[in-house]
Amino acid sequence: MTSFGIWGIIPPLLAIVLAFITKDVIVSLFLGILSGTLIVAGGNPALALMNLSDLLATALADGWNIRIFLFCALLGALIGMMSRTGAAASFGRWASAKLKTGTGAQFMTFLFGIIIFIDDYFNSLTVGTVMRPISDKTNVSRAKLSFIIDSTAAPVCILAPISSWVVTVMSIVRDSEGFSLLNMSPLEFFVRAIPYNLYALGVLLFVLLIIFTKRDFGPMRAAEQRAQTGTLYNAEKYGSVSADIAERAGSSAQPVDMLFPIVLLIAAALVFFPVTTWMNTVDGETVTSFGQAVSILSLGDAFKNTDASVALFYAIIFTIFGTYIYYLARRLLTLSETGEALRDGIKSMVPALIILSMAWTIGMIIKSAPADGGLGLGTFLSEIVVNNRFPISVIPVIVFFLSAVISFATGTSWGTFSIMIPIVMPIVTGLAQAADMSQTTLVNEAFIAISAVIGGAVFGDHASPISDTTILSSTGANCPHLEHVATQMPYAIFVAICSGVGFLIGGLVQNIFFAWLSLLAVMAVGLTILPKRYTAQ
């Protein structure tokens, strides 16, 4: 038996439906996993719970997974240290002296959001804390500020190789059935698929166009018009905001103190990506030294064949140690404060770590063959689609909007990744093989299909009112949450429509150039018409 047939659809479907109802992705994923183990166990609840425990342990016992798990936890620890120093407020004071216009303040918010790409939570809160006084001074509405923050949180995190988001996606992609047919590492897959991530890149482009053309429309246009009169948010319609959080008293932090850990993490990762490959090449027989490994394996190949989990784990360890010494030397933190900051940072990552563990586990139960304790759903769906000659060209646009609906309803992209990627990968690779496509075409089809899943998931995290990132963006900007949701929604939906057209055309012609051409054409038409026709108050 290669699969449990249609029964395999129950775990992901149950997880999706429960997420719609409960808005709790952790419980939904857990019950989805439990339903799968119940099916495998023939309805025996005791055996199902034991199998569930074994699957969780197996997921974390994997070398890649446990390093990614620890990377995310230690990333939270680094964020905890950075948050304690008062460096963000110092950077804000420095920037406010340089910026005199609303356009400049908005562009600086955008750039700052690009810089803080390692984690969306840290991005939302830090950028908001830094840029809010500057935006207020230049009469930028709190709604516009929170929109820019939100648009450079999840979309940026899914594009940068050194982020908790990307390593999560790479781990799920790596374990998906059919990935081995692509003949590449997870890191290479991610890097080469970046141009296909239409929604994330499209959002960033849209933000820049809105900043410099000032072609706002809908509720955002009304918010910006009110801001010019000094009314930065609509308290009458959406309620008041909380009081501003006072910065740390007596902090001597400088702007460079906030940039130091980020630059150090990037530098460490760039070093360890090739170094770990060269280290692993030394086998003591054919390659006996590190120098010999460097001489026989080029820098490009070393990057291409790296184990990203090892490189990033080394990088975060070195970064925390270096930042710890730096902050102590600068007298920004005491020993006791550092310990508290590390603990608080790790605690902030606990929900994400639980979701990550659940994501790996439901992925295992979905994709594994019955002989390995799974349901074989990927094999079943792939066989159905291949046998019925389902057109591979429309899969990207279908999975984009399906992932968008799931992510929007649940408020999480990570749960969407874990549900959709293990399903889509075997379908796409199976169809490509059945159509006797070339290796290049197979790879391109996988790029655009998985990018469609990622894009749809990022849309939901970006736009959903129950998304953590959306909530933290309005919190960081000190904007009424409902005003942020109401003003951002038309923008996010517009970019999603543009991206959907791009995925449709790209899938039909199997060419990323035409996908982008169609996306840009729809965006240009929309920005010409909507500011004139859509002026909601």
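Which helices each supply at least two residues of the nonpolar patch?

Modeller: This is a predicted model, in which local features need pLDDT of at least 70 and side-chain atom pairs count only at pLDDT 80 or more, while totals for chains, interfaces and linings use all residues. Residues are numbered from 1 along each chain as its sequence is written, and side-chain values use heavy atoms, leaving out hydrogens and water.

Helix H16 (290-296) and helix H18 (308-329) each supply at least two residues of the patch. Helices (H or I, at least four residues) are DSSP runs numbered from the N terminus, as are strands (E, at least two). The patch covers about 520 Å² and consists of Met279, Phe290, Val294, Tyr314, Ile317 and Phe318. Patches are built from residues with over 30% relative accessible area and no salt bridge; like charges are joined within 9 Å, and nonpolar side chains (Val, Leu, Ile, Met, Phe, Trp, Tyr) within 5 Å. A salt bridge is a side-chain nitrogen of Lys or Arg within 4 Å of a carboxyl oxygen of Asp or Glu. The areas come from the Shrake-Rupley method with a 1.4 Å probe, and for residues only the protein chains shown count as cover.

The most is given by H18, with three residues. Tyr314 is located in helix H18. Its relative accessible area is 33%, so Tyr314 is partly exposed. Buried denotes under 20% relative accessible area, exposed over 50%, and partly exposed the range in between (1.4 Å probe, protein chains only).

Phe290, another member of the patch, counts as partly exposed because its relative accessibility is 37%. Its ring also belongs to an aromatic pair. Rings of Phe, Tyr and Trp (its six-membered ring) pair if their centres lie within 6.5 Å; planes under 30 degrees apart are stacked, over 60 edge-to-face, and the rest tilted. The count by this rule is 22 aromatic pairs. The ring centres of Trp278 and Phe290 are 6.0 Å apart with planes at 90 degrees, and the pair is therefore edge-to-face. This pair links distant parts of the chain, since Trp278 is in helix H15 (residues 255-281) and Phe290 is in helix H16, 12 residues apart.
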